[in-house]
Structures are given as C-alpha cells and as structure tokens.
Amino acid sequence: MSKTGVRKLNLETFIIVSVIKIVIAVVVLLTAVAYTVWLERKVVGRIQNRWGPTRVGPFGLLQPLADGVKFLFKEDLTPPHVNRLLYVAAPMIAVIFALTSISVIPIGDWITIGSIHTPLQITDVNVGLLIVLGITSLGVYGVALAGWSSNSKYSLLGGLRASAQMVSYEVSLGLSLIGVLIMAGSFDLREIVNAQSGTFWGFIPRWNIFQGQFVAFFIYLMAAYAETNRIPFDLPEAETELVAGYHTEYSAMKFAMFFMAEYANMITVACLASLLFLGGWHGWLVGPVWLREILPVFWFLLRVFAFLFLYIWVRGTLPRFRYDQLMAFGWKFLLPLAIANLVITALIVALKA
Amino acid sequence: MVPLSYYLVLSGILFTCGVTGFLIKRNIITIFMSIELMLNGVNLSFVAFAAQWHTLSGQVFVFFVMVVAAAEAAVGLAIIIAVYRTCDTLNVDQINLLKL
Amino acid sequence: MLHLIVFLVFGAICVAGAVNLLVQSHPINSALSLIAVMGSLAVEYLLLGAEFVAVVQVIIYAGAIMVLFVFVIMLLNAGAEERTKGSQVALILGVPGTMLGSLLSAWVLLRHSGTRSVHVGAMPGPPKEIAQLLFHDFLLPFEVTSILVLIAIMGAVVLAAHSDSAPQPRKEG
C-alpha cells in the first residue's frame, strides 16, 4: 500500500486501467441503486408487517428489472408551457452529480493484478473530501431547476423547499466532517481511512466513531438524511404534502432518473460515513494472499450495507418533520452542535500535541 | 506549456464581458451577476500570477475575494428583494425615485 | 500540447458562457451560463495547480453563491427583460467600446509579456500550505473577513425580513 517505491504505470496503461475502473464503478453503482430500492421495499414492507415484492423472481429479486422495463415503456409526458431545456436537463443534472462522487471514493487498499499496482479508487486526489462536498452542493441545482421549469405551483414550492433544506444541512454536514479532518490531518480519503487502522488494547478498532467523533457521527447522520431528502426530512417530496414536490410533473424515464439520483446520493453518503467514521476497509484479514486483498472490499461493503439498512430502518419507523421544524432543527440545533464539536475536537487535538 | 499571457487574456476577456454586462443590461440581478463575472476574471489573474512568481499569496488572496463576494452577494440579493417588494419591478430604468 | 488543448477548450467554454450571459434576456439563463463559467474556471485553476482554490470555487461560488442567485430569480419570478430606449443606447455605445478596450489590452498583453510559460501544476496549492499562510501571515485579514461575513448575515436577515413583523391584535366580538 504505497505510492513510492513502486514503478508507476505509463500513460496508456493508466488510461486503460482507469477506463476499466470507471466502467466497473458505474455498472456496480447502478446495480446497487436498483437493489437498494428492492432492499428498501422489502425492509419497509417487513416493518409494516407485509411481504414487500415477492412475485417477480425468488424473493422478488427481479423486481428492479421489472421496474426498469416499466419506466422505459411508460408514456413520457411533457406538460405544456414548461421551460423545455431546463425540464429535460434537470433530471440529467441530478443523476450526473449523484453518480460522479463515486470517482473519489476508495473501496479498498492498493491491489496488484499481474504487473499492475493500482488503488481501488478511480482517482486519488489530495482534496477528495472537498470534492465530494462540492459535488453535493452542485446537486442542489437538479432539484431547484426541476421545480422551476415544471411551471406548476406544487413543483415550484417543493423545489424551493427542497433546495433550501439541502443548502441548510450542507453546512452542518461539512462542519461535522471537520472534526474527522482535524484528527486525520488531510483531505485525502485514503489517508483518513489509514489513520483509523489498528486497534486500542488489541480488540477495539481505532475507528473515528470510537476516537471521540461519536457526536459528529450523529450530526453527520442527521444532516445526511436531510441532504438526501429522506424521512424524517422528506417533506418536500412527500405524497401527502405537496403531491410529489419537485418531481410532480415528471413521468417515465425522467422520474426514474430522479429516483436513481436519490438512491445514488444515499449510497455515496453511506460510503463516506463508512470511510470517515467506521474505519473504511480495515478489519480482520485471514487466509491466503488473494483473500487478504479481497477482504477489505468485503468489510467496506458490509459497513455501507449497515448504514443503508439504518437509513431504511429509520424510514420505516419515524414520522416526518414539518418544514419549519425541519429548518429550525438544522439551524438552531444541529449547526451549534457541529460548531461545538469542532471546537472541542480542535482543543483536544491541540492540547495533546 | 501555456504562455502566461493566455491566462491573462482570458481573465481580461471575462472582466470585459463583466463590464459590458454591467453597462448594457437592465435587470438588477443580471447586473449583479456581471459583477460576479468581473470578480471571477480577477481571481483567474491572481492565480495565474501566483503560478508565475511561485508564491501562494495569490491563491490566499483569491480565497479572500471569494469570501467577500459571498458576503456581497448575500447583502446585495437581500437589497434586491427589498427593492422588488417596494417598486415591484427589477428594471433599473424604472427604479428612479430617491424615496421609494 | 495536452495542456494547451485543455486550456483552450475550457477557455472557450468560459468565454462562451460569459457572452451568453450578455446575450440572454431571461436572468435564469444568464445564471446558468455563469455557473458554466465558474465550473470551467475551476478547471483552469486545476491546470495551474491550485487544487484547493479550484474546489473552493466549486463549493462556494458555483455551489452556494449561484444557488442564492437562482433562488432569488425563482422567488421574484420577474421574467425576461424588455428593450428600452436607455438599453439600446447602452448597447450601441457599450459593446463596441468594451470590445475595443479588451482587444487593446489583449494586444498589449500578448505582445509585451515575453515568452514566460507555465506548465501544468505550476504552483501546487495543497490545503496544508495555504492553511499555513492563512493562519500565520494572513491571520488579521482572515479574522476581519469572518467579522465581515457575520455583518453580511445580519444585514441580509434584516433587509429581507418582512416589514409587518408585529402581529395585528385580534378583533373582539
């Protein structure tokens, strides 16, 4: 796991390896999005004492395929008097930014296949964490422009509310991550994970959540629920409130793109939480050499799955906030708490050094 | 290897478009956006010179310019909202009374 | 060579966005072209090695300030601007004047700057070194800027608040 002392790849090999990684990442992410939808429907169904999808394939496992086919063949309505360019572009913007943040997220350590030594990450940049935050802040445009271009009161109100909520909770999201940054000393996601390797007293892992960032983890959790517009913060897109908020006037594939963007954002947030608070890919390594290279990926996916399960569990359990309660919670409770967390972490780190 | 003057020319073009927008547009918000365009042009020239003279102060100053632009945008847009509430128009030619 | 191509492509996007901002009549289209300008400027900063500044440009400028602009345009919903006498005069005099100015400055810059070139990543700006400068040499401007932002927040809240703040007394009977 080193950047020095290893012969670097030449340009052509680097490009081919990167393209392969991009293709694999996009395919895996899109499949994961589809099966997160399936998982949600099953888990929420069980919480509500019913089965969830069971008919299409064993355990309803082919349900996402059936949904995809349905979305492709549905009639694609375009209401009159919409701003055509923005109406078509808004779901594309939402999906593009939701899928782009996977490019800086590492899922494992450096691996060696044949003569190629490469990190399990599409690109390892010094400011990886900031790039994810930047892409999250750009994702607000998909929602805002969808609400505006649909030329409908419900859409405009829903779009404005959703984007105001996303912008408000972005601040708390960023501030909760600064505690982790202070402890790791770098914006590079790989270095933050590597600062969490090892254990305390032999068996408690050195994850950031055990190293004092417990409060920050919960701030991040709540801010992430609000960023991705999930219960308990999903007023802007709840059916009983604003018809469907900013995606009221969308049908078929464009609606599916908003759906995909929401679940892709969930997966990105879950990956970030696993990397920053739950130790990334560090875990027990047993067995032969090839197994030792694959196990970190398994540990990482286990953590992401646990976080997604928590998301879905909360969705099935809690009622939703009213909009003014939501904004008051974000600005009057979460933000001061995040700042307090930052100050205390900085104090402790400064006093230790 | 790109000559430094190319960056400066790009910065100059952006600044000039900002000035032109400030002069010819009649919607307050668009005028304000032209001001932001001018600030962006200036930021590019700061970073280009920081690269030429190998000093990081240029990039730090860009950081300050961005913060000031954010503060100015917030207050300016609040003023625009207040003006719209009283004058009911966003056309600068029609906001021509000293007492609203 | 690749450096020049990437610079020219994103420079062209910058200029196209800036010109589009001037040409469009509805402010939302101008706002979206300004976002495109800011995005391509972030790439230009990356070419010069300023990675922190590039990401901060995306987060703050394109991701917060322009969101504010788009919000206000959507809220006020004033529509496209109309052509008036004053705007026609400004168009006739302003556009040639500024084009002349820009051509003059571009000519001077291209002729008299010598052959100094910058390569890709000429001045790497990692966050650690920028933080060193920010918190040691530029500490006073940093603190003053934070007070400025606080004043701006208070000003914006006061200016944009509704004028009828006191609730009316309920009528009896």
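How many residues of chain A are in contact with chain C, and how many of chain C with chain A? The views below start there, in what is a predicted model.

**View 1. Where chain A meets chain C.** Here 15 residues from chain A are in contact with 13 from chain C. On the chain A side, the elements giving two or more residues are α4 (128-138), α5 (140-149) and α6 (153-184). Look to α4(A) for the most, as this helix supplies six residues. Sorted by class, the side of chain A that touches chain C has 11 nonpolar residues and four polar ones, with no charged residues.

**View 2. Chain C and its two domains.** Follow chain C along the sequence and the pattern reads α-α-α-α-β-α-α. The chain is split into domain 1 (2-125) and domain 2 (126-162), and the C-alpha centres of these two domains of chain C are 24 Å apart. Four residues of domain 1 of chain C are in contact with four of domain 2 of chain C. On the domain 1 side of that meeting in chain C, two residues are nonpolar, one is polar and one is charged. As for chain C as a whole, 34% of its 173 residues count as buried. Take the contacts in chain C with a separation of 6 or more: 62% of them come from residues 24 or more positions apart.

**View 3. Helix α1 against helix α11 in chain A.** Back in chain A, helix α1 (residues 11-47) and helix α11 (residues 289-317) have axes that come within 9 Å and cross at roughly 45°. That angle is why α1(A) and α11(A) are described as oblique to each other. Their crossing, α1(A) with α11(A), is right-handed. From α1(A), look for A:Thr36, A:Leu39, A:Glu40, A:Val43, A:Val44 and A:Ile47; they meet A:Leu308, A:Ile312, A:Trp313, A:Arg315, A:Gly316 and A:Thr317 of α11(A). In this contact of α1(A) with α11(A), seven residues are nonpolar, three are polar and two are charged.

**View 4. Helix α10 against helix α11 in chain A.** Stay with α11(A) and look at its packing with α10(A), where the angle is about 125° and the axes are 9 Å apart. With that angle, α10(A) and α11(A) are therefore oblique to each other. α10(A) makes a right-handed crossing with α11(A). The α10(A) residues here are A:Met266, A:Ala270, A:Cys271, A:Ala273 and A:Ser274, and they meet A:Phe300, A:Arg303, A:Val304, A:Phe307, A:Leu308 and A:Tyr311 in α11(A). By class, the contact of α10(A) with α11(A) includes nine nonpolar residues, one polar and one charged.

View 5. Which residue is 185 residues apart from A:Ala256 along the chain, with a C-alpha separation of 6.7 Å? That is A:Phe71.

Definitions and conventions: Residues numbered from 1 in each chain as written. Chains lettered and ligands numbered in written order. Predicted model: local features only at pLDDT ≥ 70, side-chain atom pairs only at ≥ 80, totals over all residues. Contact = placed C-beta atoms within 7 Å. Helix = DSSP H or I, 4+ residues; strand = E, 2+ residues; numbered from the N terminus. Nonpolar A, V, L, I, M, F, W, Y, C, P; charged D, E, K, R; others polar. Domains from an automatic or database assignment. Axes fitted to C-alpha atoms, helices over the stretch in contact; angles between N-to-C directions. Parallel < 35°, antiparallel > 145°, perpendicular 65-115°, else oblique. Left-handed = near helix turned anticlockwise from the far one by under 90°. Buried ≥ 20, exposed ≤ 12 C-beta atoms within 10 Å, placed from the backbone.
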